[in-house]
Protein chains: 2
Amino acid sequence: MRTKQVEKIRVFSLGGVGEIGKNMYVVEIDDDIFVIDAGVMFPEDEMLGIDKVIPDITYLVERQERIKAIFLTHGHEEHIGAIAYVLKKITAPVYGTKLTLGLAEEKLREHGVTSSAPFVEIRSDSEVVFEKAKVTFFRTIHSIPDSVGISIHTSQGAIVYTSDFKFDQTPYGMNRVDLGKMARIGEQGVLCLLSDSTNAEKPGYTGSDTLVAQEIADVVYNAEGRVIVACYASNITRIQQVLHAAKASGRKVAIVGKSMHKVMDIAVRLGYLYLPDKLTISIHDIERYEDRELLILTTGGHGEPMGALARMAKQAHKQINIKEGDTVIVAASVMPGYELLFSKTIDALYRAGANVVYGQRKVHVSGHGCQEELKLMLNLMKPKYFIPVHGEYRMQKAHANLAKAVGISEERTFLIDKGDVIEFRNGQARSGGKVPYGNILIDGLGIGDVGNIVLRDRRLLSQDGILIVVVTLSKEAKKIIAGPEIISRGFVYVRESETLLDEATKMVTNIVNQCMQDYIIEWSSLKLNIREALNQFLFEKTKRKPMILPIIMEI
Amino acid sequence: MRTKQVEKIRVFSLGGVGEIGKNMYVVEIDDDIFVIDAGVMFPEDEMLGIDKVIPDITYLVERQERIKAIFLTHGHEEHIGAIAYVLKKITAPVYGTKLTLGLAEEKLREHGVTSSAPFVEIRSDSEVVFEKAKVTFFRTIHSIPDSVGISIHTSQGAIVYTSDFKFDQTPYGMNRVDLGKMARIGEQGVLCLLSDSTNAEKPGYTGSDTLVAQEIADVVYNAEGRVIVACYASNITRIQQVLHAAKASGRKVAIVGKSMHKVMDIAVRLGYLYLPDKLTISIHDIERYEDRELLILTTGGHGEPMGALARMAKQAHKQINIKEGDTVIVAASVMPGYELLFSKTIDALYRAGANVVYGQRKVHVSGHGCQEELKLMLNLMKPKYFIPVHGEYRMQKAHANLAKAVGISEERTFLIDKGDVIEFRNGQARSGGKVPYGNILIDGLGIGDVGNIVLRDRRLLSQDGILIVVVTLSKEAKKIIAGPEIISRGFVYVRESETLLDEATKMVTNIVNQCMQDYIIEWSSLKLNIREALNQFLFEKTKRKPMILPIIMEI
């Protein structure tokens, strides 16, 4: 290696392990910090009211001056969705392929963030040379073009991050895999491999996108009425297949959904999506065409397809609704935690009279490789150490088992959690402690101002509602001036529970009077008394535990 | 037929179509009403804070005197779970097999309901003769013994309800299917078949329980540490397999979970579960045994297995926690809407060091038949008309497609929703209007006192929390006596949002003063003003919409 001798390499994840989403990996080479990816995650069920989640980057912010580069591997939300938030706090050069940078720039525009960080376009054959490392890339196949894996070459060997990949031997469109280059990297010596665990529990191979293209073309060609296709806005491969299918069957394409428009505009402008002339029409012009001349391509608010479809099925979409005779193609798999929305939506589509094409026919395949592909990657890279990333813990675990099967012993595989540091010295790995990490919740304009207490309150409120007790007191006169008034929301039907609430009101009156007689004039103890008495009373009567909020006004 | 000539038959569902759960079907023969099953449903995601859901039986309550019988087909919650609620309002004889009635009686005990309704035990060869119908039964194979289908023979032909079934050619234990009897019913003439749609989307056959028994025995035998098996309390077939596996491998069985104890006690007492001598031990005695001598059989609160496992994995269970070296067998499939809990629990088990056996090995199969089995039932029964029941709409639809494939035309298949009546006269079916139906939500002790408004409030509260504005006024003096005070819960961190809340407080003060100057003394319009102003202000500042609750106290 021509690169300088390196004493210590530290590798850890600030997001993307123990979860699907918000990928962010950090490689520290002596004092130099390299950040790979900056993704968002969609909130889990229990994160009530939260719009999205990003990694806590306090560790990076405090070490700004040491950050040499941010690498983005491809243009999906879980890899670039947090870039605007990151560049608000950090200024470092951002490296990515043309399409990836195009989509990342759009993120900055959306968030109104201006950054002085240079955006450096790379190709898969680029080499970026730093003082202590040379960084190269290799093309991978994923559901978006211009995806790359990254290899950070150091004097101890290479740290390789595959990012999202599959091995499709008959890929669709411009995607081509750099098998030779991967093998070469493996031959040169990989110190540590970080590889995609998404489908590590699934045996065999992920199906080919070329077959999906044929299947979609077949369904579109044979549909008698309108065709509505729903997919993720960022699945450019799928979108291209749909455009070709429409063209081949003589249908015009109307696009619904802001995020779909945005992504397509960028992909067409940069040459990653071929949009045949006069193929698209405005959604407002669909009335001018026969049903069998139409294909509607749609996605939802976050580029997630089911929300919009659900509205269309319930005749509640602003622009287009499902009618008898429509064929709906759901060219997407269900996001974890969204299974119920998915099945409810399929149901609603059927009820609206549509012919729904989803799981039964292969109109979608995953962008991530299954077990045989993961083993192939491991065999190509032949890493000395292995860190399964990009997945829930059980997927990382399943990936570790695959590694064991191809000969990477358990001692050389690290099942890391966020913040866990693996440290390399003289080519030997060991645990290197922990760095701070966390979730930053985004709710509306607030970044991180919703934390555990607020979420706990939302959770409590969502279960049995709230009961508010207001009373105005005169401390001097030692008497109640107004109230107590009891108001509830989300607890019981007030009309049917008058007796219950009357009794509760009397109870509070007694407590307040008693307290004032006893000279308990600490509002906090008065509130505590009210809360405890009501808690017990209401639980006995209803077996429910609303949040109880006593408010004491003093004049 | 020796039964009396019948003019009109009406068939409808009060629960169980368009959903999985709360099965209740009604067959009206002229003036006589026959009710089949009385199930509960577990709440869906959006039913915040709700414990369970039962069918609205207003229609039945208003026609009490016409109800001749309530038939229970088997002892699962979705078929008998609402029986206590039903018998509180209706008195009619309840027919069921021994185990089914045993479990139904336990439901009454649990709810402290005493009913004068007679419980009439039937066997699969029983005949119950009513004025205008003769009712017979046929044994089916399901995951609980003593399951039957029901055939109501009338002068127009038979109305047959299969209830839950599969055709296992090598069933486990005492389950045997009445193939001959089903064929005979078909030969005699089925006017209308109501059949189980649960797995109508799944091709092929459901696997055999005998293979599952072997697989479980194999896993238990080869486990080196403790074995923890989680399954539904009501899956008596599975429990029997586990007991045999424990016996065969020389392990003692400790049972965890009230509902598991209850169901097992009843099943053993009535002779449906064979519990070898000295096999079970108390959970408190497990310390006396080596890990490899132990098998722990568990289920959760509602007989649902994942909740308890999740607590065990997080070391938060009262009686037993997962440790390194445990083998956990999840012998259950995931309930719709519980996918995230399922995958999070598997994850937590792995993290706790357990070897987890679930989807990869066949330690569980469905109790419901797949497409080939559903077609076999259709071919045995050869119904003139067909109503797919027990399933979401898309499953009913898939079942209708299967019926079409075996020769039952679309015109003879009815995709009904709850309350839709199919009416038969002279052996001809037609739509017969609609009867009232609905969901009754159960929250704590409240039955039906949580409705749409309360749920809507819980939903609102769960999204952005609540902001309460209290102000005490003197109408006479036209001035504010105390407040305004603003309190929020689940909205923002108060400490970080002082400025925001201060501004809001000032705003309210101005509005109140303004209103009093303008002689607006209608509290409702004052409240409206406050709500609108705050709504707009907070949305601009935070892009959130908390519930805003102005409270005006007057002295």
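User: Before I ask about loops, what counts as a helix or a strand here?
Analyst: Helices are DSSP runs of H or I with at least four residues, and strands are runs of E with at least two, numbered from the N terminus. By the way, this is a predicted model.

User: OK, so where does A:His76 sit?
Analyst: You'll find A:His76 in the loop between β5 and α2 of chain A.

User: Is A:His76 buried or exposed?
Analyst: Buried, because its relative accessible area is 6% and buried means under 20%.

User: What does A:His76 touch, skipping residues up to four places away in sequence?
Analyst: A:Gly81, A:His142, A:Ser143, A:Ile144 and A:Ser234.

User: Which residues does UniProt list as "binding site"?
Analyst: The unreviewed UniProt entry puts that feature at A:His74, A:His76 and A:His142. They're spread over 69 residues of sequence but cluster in space, with a largest C-alpha distance of 10.1 Å.

User: And A:His74, where's that one?
Analyst: A:His74 is in the loop between β5 (67-71) and α2 (77-80) of chain A. A:His74 counts as buried, at 0% relative accessibility.

User: Which side chain does the A:His74 side chain make a polar contact with?
Analyst: That of A:Thr73, at 3.2 Å. Beyond four places in sequence, A:His74 is in contact with several residues, including A:His142, A:Ser163 and A:Asp164.

User: Switching to chain B, where's B:Ser151?
Analyst: In strand β10, residues 148-154. B:Ser151 is buried, with a relative accessible area of 0%.

User: What does the side chain of B:Ser151 join up with in a polar contact?
Analyst: The side chain of B:His153, at 3.1 Å.

Key
Residues are numbered from 1 along each chain as its sequence is written. Chains are lettered from A and ligands numbered from 1 in the order in which they are written. This is a predicted model: local features need pLDDT of at least 70, side-chain atom pairs count only at pLDDT 80 or more; totals for chains, interfaces and linings use all residues. Side-chain values use heavy atoms; hydrogens and water are left out. UniProt positions are given in the numbering used here, feature names are shortened, and annotations may be inferred rather than shown by experiment. Buried means under 20% relative accessible area, exposed over 50%, partly exposed in between (1.4 Å probe, protein chains only). Contact means heavy atoms within 4.5 Å. A polar contact is a pair of N or O atoms within 3.5 Å; within protein, one must be able to donate a hydrogen and the other to accept it, and residues adjacent in sequence count only if both atoms are side-chain atoms.
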